[in-house]
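Here is a short briefing for you to read alongside the model.

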Amino acid sequence: MTGLGETGDFSFLHRIQKIVVWRKGGQRAPHKPLLLLFALGRLENGKDRLVDFGSVERPLQDLLQEFGVPSNSRPQYPFWRLRHDDGIWEVPGADEIPVNSQKDPRSINDLRKLQGGFPLEVYEELKENPLLVYAAAMQILNAHFPLSLHENILTAVGLCSLETDLIAVSESGMVEVVPNLVEYVYRRVRDRGFARMIRVAYQDCCAFCDWDGQIEETVFGLEAAHVRWHSHAGPDTVENGLALCALHHKAFDKGVLGLDTDRRIIVSPYAHGESSIFCELVHALDGRPVRLPQAGRSVASEFIDWHYREVFRSSPQPLAS
Ligand SMILES: [Zn+2]
């Protein structure tokens, strides 16, 4: 595997770090990050550099619906707007179609005639250096999504597990030359500190279902969740944390479960499953008060509001127009 240090070129990583995402008031803007991950997955799977908007519209929309903001999953925005960011995306022929006052295509049908993708030099650099593909994916995931969703997103875009690659990378002694990797490892260590604090506060029980599984003296299946995601300025504090079992952690980060202003559990109207165990583990929680932490420092309303607004799946998902 070729090391990044050998090429001495981090410019792609620097450029994706600067992508302009709308972060006003802590709102999530995962559109461009998800398009980049989607494009990295295509590249890794040997697909052509440029792709018709029409043929990626649906898969990109599915990705935005699953991991994006529930109320806004329009794939045309990132596909069109990412080209304004510094040399990481191009849409040849973009200047030739009519635009509206926001400088977006007047008709989505015009966009369907165009293709988009990484510029040639970026594409070739990525093709030559698989490590760069994963370093970029890691950087994007760290900046925009909680750890609990990283593997799901990688699978959805067709990239393999980062864990496997991290081992390959560390064994080849590349830790020093991949800044994202250092950040990633640092984050894992920091997360362990947060996890300990939250588990103590919740006395090793899931705040939603009271799960308290142990094997001998060791707790298992219990995790610490950030209510407002760490990637979106959520602090590592008890007021922004919940001890949750692995299932409820995933459900909380996916917006299946949330909290209302009275700190009662709410279930997304979109959650469904036929089995009795699904009803027991999900639907039966509806309206149940969340467990309070030991010192009484319950989850702060500002973080509950953020989660409700940005993550919880409460309203119908509009289709792309
Ligand atoms: Zn639970």
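This is a predicted model: local features need pLDDT of at least 70, side-chain atom pairs count only at pLDDT 80 or more; totals for chains, interfaces and linings use all residues.

Residues are numbered from 1 along each chain as its sequence is written, and side-chain values use heavy atoms, with hydrogens and water left out.

**The chain as a whole**

- The protein chain has 14 helices and eight strands; these are DSSP runs numbered from the N terminus, with at least four residues (H or I) for a helix and at least two (E) for a strand.
- Of its 321 residues, 49% count as buried. Buried means under 20% relative accessible area, exposed means over 50%, and partly exposed lies in between (1.4 Å probe, protein chains only).
- Among contacts (heavy atoms within 4.5 Å) between residues at least 6 apart in sequence, 72% join residues at least 24 apart.
- Accessible areas come from the Shrake-Rupley method with a 1.4 Å probe, and for residues only the protein chains shown count as cover.

**The zinc site**

- The zinc ion has as its protein donors Cys 206 (SG), Cys 209 (SG), Cys 245 (SG) and His 248 (ND1), at 2.0 to 2.3 Å. Donors are N, O and S atoms within 2.8 Å of the metal (3.2 Å for Na, K and Ca), and since water is not among the atoms, sites may look incomplete.
- The arrangement is tetrahedral because the four donor atoms subtend angles of 93 to 118° around the zinc ion; four donors count as tetrahedral if all angles lie between 85 and 135 degrees. For reference, the ideal angle for four tetrahedral donors is 109.5 degrees.
- Along the chain, the donors of the zinc ion follow the spacing C-x2-C-x35-C-x2-H.
- Cys 209 sits in the loop between helix H11 (179-201) and strand E3 (214-215), and His 248 in helix H12 (residues 246-253), so this pair ties together parts that are 39 residues apart in sequence.
- Cys 209 is partly exposed at 25% relative accessibility, whereas His 248 is buried at 1%.
- His 249 is also placed in helix H12 and is buried, with a relative accessible area of 7%. Not counting residues up to four places away in sequence, His 249 touches Ser 148, Glu 223, Ala 224, Ala 225 and Leu 244.

**Salt bridges**

- There are twelve salt bridges in the structure, each being a side-chain nitrogen of Lys or Arg within 4 Å of a carboxyl oxygen of Asp or Glu.
- Arg 291 and Asp 210 form one through their side chains (3.1 Å, N to O). The pair links distant parts of the chain, 81 residues apart: Arg 291 is in the loop between helix H13 (276-281) and helix H14 (301-310), and Asp 210 is in the loop between H11 and E3.
- Salt bridges that share partners join Asp 210, Arg 288 and Arg 291 into one network.
- Asp 62 pairs with Arg 58 (3.4 Å, N to O); both lie in helix H4 (residues 53-67), four residues apart, about one turn of the helix.
- Asp 204 pairs with Arg 199 (2.9 Å, N to O), and Arg 199 is partly exposed at 30% relative accessibility.

**Surface patch**

- Trp 211, Ile 215 and Phe 220 make a nonpolar surface patch of about 300 Å². Patches are made of residues with over 30% relative accessible area and no salt bridge, with like charges joined within 9 Å and nonpolar side chains (Val, Leu, Ile, Met, Phe, Trp, Tyr) within 5 Å.
- Trp 211 lies in the loop between H11 and E3 and is partly exposed, with a relative accessible area of 35%.

**Backbone points to check**

- Most residues other than glycine have a negative phi.
- Asp 210 has a positive phi, near 70°, and is partly exposed at 32% relative accessibility.
- Ala 233 has a positive phi of about 70° although it is not a glycine. Ala 233 is in the loop between strand E5 (222-226) and strand E6 (241-245) and counts as exposed at 62% relative accessibility.

How values were computed:
Four donors count as tetrahedral if all angles lie between 85 and 135 degrees; four count as square planar and six as octahedral if opposite donors are over 155 degrees apart and all others between 65 and 115; anything else is irregular.
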